[in-house]
Amino acid sequence: MEVQLELALSSGSGKGSDPNQDCDQRKKRSFEEAFMGVKKKDVDDLHETLPLLIWDGNEEKKQQFDGELLEQKHIPKLAISNNREDNFVVVGWPPVKSWRRQFCHQISHRECTTNYVNVENNGGGGGGGRGSNSMYVKVKMEGVGITRKLNLSVHRSYHSLTAKLIAMFGICEENVEKYKLTYQDKEGHWLLARDVPWETFIHSVQRLKLQKMATTFYS
Amino acid sequence: MDPEPKKPEDSPSNSANSHTPVQPPSPFPDEVLEKVLSFIDSHKDRSSVSLVRKDWYNAERWTRSKLFIGNCYSVSPEIVARRFPRIKSITLKGKPRFSDFNMLPRDWGANVHSWLVMFAKVYPFLEELRLKRMTVTDESLELLAKSFSGFKSLSLSSCDGFTDIGLKAIASHCRNLTELDIQDSVTEDVGGGWLSCFPENFASLEVLNFASLNSEVSFDDLERLVSRCKSLRVLKVNESITLDQLQRLLVHAPQLLELGTGSFLQELTPRQYEDIESAFSNCKNLQILSGLWEANSLYLPVLYGACAGLTFLNLSDAPLQSGEFAKLLAHCPNLRRLWVVDTVEDKGLEAVGSSCPLLEELRVFPADPYDRHHRDGVTELGFLAVSRGCRNLHYVLYFCRRMTNAAVVTIVQNCPDFTHFRLCIMTPGQPDYLTNDPMDEAFAAVVKTCTKLKRLSVSGLLTDLTFEFIGKYAKNLETLSVAFAGNSDWGMQCVLEGCPKLRKLEIRDSPFGNAALLSGLKKYEMMRSLWMSDCNVTMKGCRLLAREMPRLNVEVIMDEESDESQADKVYVYRSVAGPRRDAPPFVLTL
């Protein structure tokens with residue numbers, strides 16, 4: 001016999017509004033499964049109400065368990081983070097240090113980047129003078145608070161630059177399509193990076209910005 | 001009396017009052033006693049020594065040169081200065097560990113400044129300062145740089161509050177610096193100009209770690225610095241340093257014991273590839289390797305030549321796939337410690353089991369802690385595979401999304417020598433995924449089988465039973481971390497009434513209330529600290545505790561939204577310094 005403590009809880013993001021849902025439908029678990037440890041088959045049965053915990057263990061312990069549970073505010077604090085794309089996130093959980101990056105690398109991106117072998121030698125020797133030629137520019141991604149810096153001199157193609165940006169900001173595979181790379185040139189104009197040849201780009205770029213597709217339409 | 005951690009008192013128990021019996025004269029002249037005591041390093045031993053008799057206490061305090069303070073609020077700078085006249089090395093720890101996970105408001109405290117002011121006055125010959133989870137401002141670093149002419153070694157671990165201004169002061173003024181080690185520090189765009197402030201003739205550096213600082217440094221200045229510091233044995237650069245730049249650094253410093261690389265993602269010409277491969281092969285002494293940001297299968301092979309002697313491989317910034325990971329491991333037969341990201345999956349951990357028979361420590365970090373992408377990560381199978389191949393395993397930190405009781409039981413049977421068992425099943429309150437039972441059986445097995453266990457972090461669906469077992473069997477347990485677990489006060493009581501060596505207890509989101517809190521009255525004075533957040537403790541309970549135990553600081557951290565009768569965040573610790581004098585308005589000392 002199962003004990004079900006039902007608690008109606010609005011899940012916040014409806015099915016349509018969460019872009020992450022596109023990522024992998026097969027593996028997707030609903031909020032109930034992910035957060036409350038409920039099995040998928042039970043979720044379908046439960047529909048809108050969420051069991052707090054399902055446990056059919058020792059009968060006696062269970063009675064005690066229910067009673068206590070109902071009285072106590074044994075509900076993990078849900079702090080909704082600023083990023084609307086997040087599912088519910090509990091503050092400070094899992095206990096990973098805040099400076100640790102979240103890695104969003106996908107195998108396919110990594111495989112792409114391995115294709116850039118044997119780049120042309122620019123006559124000055126591969127590593128010669130590289131140290132003093134490092135070229136740092138600021139990179140901002142729309143929606144991300146912190147501006148990063150990127151060394152452009154180690155890249156020789158948009159391909160490699162894109163791979164680096166994806167890595168740096170942890171952009172998920174599906175979301176890559178949603179951003180356009182723009183840059184500010186010496187005159188202060190903002191241009192679409194891929195509209196110009198790499199050499200032109202590299203000689204005039206001052207700053208970079210990753211903009212969401214919809215906004216670039218109007219810029 | 002529990003000799004840990006050092007609780008420097010003004011006087012031992014037998015000297016402050018007038019009923020002190022006259023002590024027989026010491027058989028040793030003071031000089032002999034002092035000479036003998038000067039060989040004792042461990043602060044725990046020294047604490048024991050100081051309690052023997054009054055002349056031992058005095059001899060100990062005059063000969064102590066290294067100070068360890070596990071909680072900066074347990075004692076005050078004045079008390080320390082009065083007792084120990086000759087200190088050369090200080091380790092000071094501040095905030096409770098949960099501050100690493102953003103659970104403490106900004107400006108909570110643990111500012112090192114008042115300590116430095118005192119050190120500057122009393123310990124002009126200070127050589128070493130090691131700080132953990134403290135706030136360190138530029139002003140403090142400037143004071144440090146100018147106050148101690150013989151200063152050699154600065155280590156900042158999980159600290160915050162400083163910018164490149166403070167680091168510039170250190171680089172410019174500390175002529176005898178041998179160590180600058182900045183780990184895990186929270187820095188917002190700290191500039192890189194400080195590295196260029198080391199004087200041209202400065203060559204004493206042995207340890208340089210700026211891996212966690214974000215900004216670009218001048219590579220030319222770094223290269224010159226590395227080439228003139230012939231004793232450099234630890235070099236950990238940040239992500240701004242490219243592969244070909246790294247190659248040049250390695251050519252100057254093939255003697256390195258520990259290396260943290262910069263970014264491993266770069267387009268290399270065949271010539272550059274050869275150069276860096278050869279540079280790594282020349283590093284015959286390398287024992288520890290980290291960094292490797294964005295490393296991928298194309299460039300990992302350049303490392304192979306340096307891996308034969310590696311004992312610690314830290315891949316926590318390099319999310320590898322199982323194939324390239326396994327290939328790398330095949331070159332590292334001597335690994336004792338391994339940190340990886342769970343992108344290696346169970347398959348990668350199988351490779352660990354087969355390639356690393358000497359492994360003693362494994363940490364597996366989640367690539368996607370907030371489960372945005374529903375990746376598999378690692379499961380109980382990976383952990384099992386490691387336990388079968390690595391019988392010397394004694395330290396594990398394992399983040400996973402599923403686990404079974406049966407797996408854990410088998411794991412500890414394979415590896416009964418665990419001293420540190422930190423299992424984090426990332427979904428709060430998740431049961432055994434096969435049986436749907438609570439994970440009580442797993443942790444019962446851990447505490448029953450691993451008699452040397454010192455540190456335990458529990459997770460998953462847990463009832464009070466888990467805590468009964470912990471209290472009953474975990475005789476050597478010193479640190480316990482609990483989250484989303486237990487049913488009632490009884491659980492916490494079991495732990496407080498058992499676990500004779502418990503020093504640190506940190507609990508969040510668990511149904512323990514006042515009865516549980518108060519059951520530990522006598523124990524808290526023997527512990528370093530207790531943290532309870534989002535449990536069922538009320539202000540009333542905390543006030544009662546504070547009243548009964550005057551030598552404890554019972555602090556409640558107030559939240560804007562919190563109900564005034566609930567004590568949402570409670571931090572209790574023993575102290576001889578009384579209530580904090582620097583407490584911000586949201587910290588109430590009861």
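Biologist: What does the record say about residues 27–65 of chain B?

Modeller: An unreviewed UniProt entry annotates them as "domain: COI1 F-box". The model itself is predicted. In it, this stretch is 67% helix and 0% strand. Its end C-alpha atoms are 25 Å apart.

Biologist: Which residues does the "Transport inhibitor response" annotation cover?

Modeller: Residues 85–131 of chain B, again from an unreviewed UniProt entry. That span is 21% helix and 19% strand, with end C-alpha atoms 20 Å apart.

Biologist: Why is V36(B) called partly exposed?

Modeller: Its relative accessibility is 48%. Buried means under 20% and exposed means over 50%. The value falls in between, so V36(B) counts as partly exposed. V36(B) sits in helix α1 of chain B, residues 30–37. Together with F28(B) and V32(B), V36(B) makes a nonpolar surface patch of about 250 Å².

Biologist: What makes E239(B) and K164(A) a salt bridge?

Modeller: Their closest N and O atoms are 3.8 Å apart. The cut-off is within 4 Å, so the pair qualifies. This pair crosses between chains. E239(B) is in the loop between β7 and α9 of chain B, and K164(A) is in helix α5 of chain A.

Biologist: Which residue meets K164(A) in a salt bridge at 2.9 Å?

Modeller: E294(B). That pair also crosses between chains, with E294(B) in the loop between β9 and β10 of chain B.

Biologist: Why is R271(B) called exposed?

Modeller: Its relative accessible area is 55%. Exposed means over 50%, so R271(B) passes. Its salt-bridge partner is D275(B), at 3.4 Å from N to O. D275(B) has 25%, which lies in between, so it is partly exposed. Both residues lie in helix α10 of chain B. They are 4 residues apart, about one turn of the helix.

Biologist: How many salt bridges are there over all chains?

Modeller: The count comes to 31.

Biologist: How do you know that β18 and β20 of chain B pair?

Modeller: Pairing takes at least two bridges. These strands have 5, so they pair, in the antiparallel sense. One of the bridges links S533(B) to K569(B). Strand β19 of chain B joins β20(B) by 6 bridges, also antiparallel. There, V556(B) has V570(B) as its bridge partner.

Biologist: What makes β20(B) a mostly covered strand?

Modeller: 6 of its 6 residues are buried. K569(B), Y571(B) and Y573(B) point one way. V570(B), V572(B) and R574(B) point the other way. In a regular strand the side chains alternate between the two faces of the sheet.

Biologist: Why are β4 and β6 of chain A called edge strands?

Modeller: They belong to an open sheet of 5 strands, in the order β4-β3-β7-β5-β6, with mixed pairing. Each of the two pairs on one side only. Strand β3 of chain A meets β4(A) through 4 bridges and runs antiparallel to it. K138(A) and K149(A) are bridge partners there.

How values were computed
Residues numbered from 1 in each chain as written. Chains lettered and ligands numbered in written order. Predicted model: local features only at pLDDT ≥ 70, side-chain atom pairs only at ≥ 80, totals over all residues. Heavy atoms only, no water. Patch = residues over 30% accessible without salt bridge, like charges linked within 9 Å, V, L, I, M, F, W, Y side chains within 5 Å. Areas by Shrake-Rupley, 256 points an atom, 1.4 Å probe, with all protein chains shown as cover. Salt bridge = Lys/Arg side-chain N within 4 Å of Asp/Glu carboxyl O. Buried < 20%, exposed > 50% of the residue type's maximum accessible area, 1.4 Å probe, protein only. UniProt positions renumbered as here; feature names shortened; annotations may be inferred.
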